[in-house]
Amino acid sequence: MPQWWRPVLEAEMEILLNWLPLDALRLLERGGMILLLILLLSLMMWSLIIYLYLHIWWRNGEQVSDRCMPWLPLIISLVQILPMVGLLGTIEAMIELFHVIAQHGSGNIRGMAGGISQALITTMAGLVASLSGYYFSSDLQHRLSYHATPQESL
């Protein structure tokens, strides 16, 4: 991760820490910075999904595709990127796990459990965020293509 991101993500983390309940804070601590990145990307994805659905519902299909079509590739890209970010968190956690094994040996079960926990949490978060957005991005793609084609009147 580039060094200039760290202050931005730490500021965002501070805002989230003041807002979230204690159990969610523990989960964020276990997942590390990668989990925060997954959270921010999924919030961006969901805000775009909600934005597009609101445009479709409020406009009743009138000029929807012109305003909404440019956002659809970004949503699809986020759906595809989120599992990769989760796997990046898994790799980072496994590297930390190997450092613990190198320093303390394989007898330190408590130290190894932290790395395994972080790996599982980041993988799960990336997959859940991606799968939740996959259905809605497909539905949006279908709805926008339906509104883009001229409808025959009866």
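**View 1. Helix H4 from end to end.** Helix H4 has 33 residues and reaches 49 Å from its first C-alpha to its last, close to the 48 Å expected at 1.5 Å a residue, where the expected span of a helix is 1.5 Å times one less than its number of residues. Helices (H or I, at least four residues) and strands (E, at least two) are DSSP runs that are numbered from the N terminus. This is a predicted model, in which local features need pLDDT of at least 70 and side-chain atom pairs count only at pLDDT 80 or more, while totals for chains, interfaces and linings use all residues. Residues are numbered from 1 along each chain as its sequence is written, and side-chain values use heavy atoms, with hydrogens and water left out.

**View 2. The whole chain and its confidence.** The chain holds 5 helices and 0 strands, and its pattern along the sequence reads α-α-α-α-α. Buried residues (under 20% relative accessible area, with exposed meaning over 50% and partly exposed in between, for a 1.4 Å probe and protein chains only) make up 36% of the 154 residues in the chain. The average pLDDT, which is the predictor's confidence in each residue from 0 to 100, is 79 for the chain, and 73% of the residues score at least 70. Confidence is lowest in helix H3 (residues 64-68), at a mean of 66, and highest in helix H4 (residues 72-104), at 89. Where pLDDT is low, the predicted coordinates should not be read in detail.

**View 3. The bend in H4 and the residues around it.** Helix H4 bends by about 30° at Ile 81, and a proline, Pro 83, follows within four residues; the bend at a residue is the angle between axes fitted to the seven residues ending there and the seven starting there. Met 84 also has its place in helix H4, and it counts as exposed because its relative accessible area is 54%. Although Met 84 and Leu 127 are 43 residues apart in sequence, their C-alpha atoms are 8.8 Å apart in space. Pro 73, another residue found in helix H4, is partly exposed at 47% relative accessibility, and its C-alpha is separated by 9.3 Å from that of Ser 137, 64 residues apart along the chain.

**View 4. After the end of H4.** Just after H4, Gly 105 takes a positive phi of about 85°. Arg 110 has its place in helix H5 and is exposed, with a relative accessible area of 75%. Between Arg 110 and Val 100, which are 10 residues apart in sequence, the C-alpha to C-alpha distance is 10.0 Å.

View 5. The structure holds 1 salt bridge, a term for a side-chain nitrogen of Lys or Arg within 4 Å of a carboxyl oxygen of Asp or Glu. In this salt bridge the side chains of Asp 139 and Arg 143 meet at 2.8 Å, N to O. Both residues, Asp 139 and Arg 143, lie in helix H5 (residues 109-148), 4 residues apart, about one turn of the helix. Asp 139 is buried, with a relative accessible area of 16%, whereas Arg 143 is partly exposed at 31%. Side chains of opposite charge can pair when their charged atoms come close.
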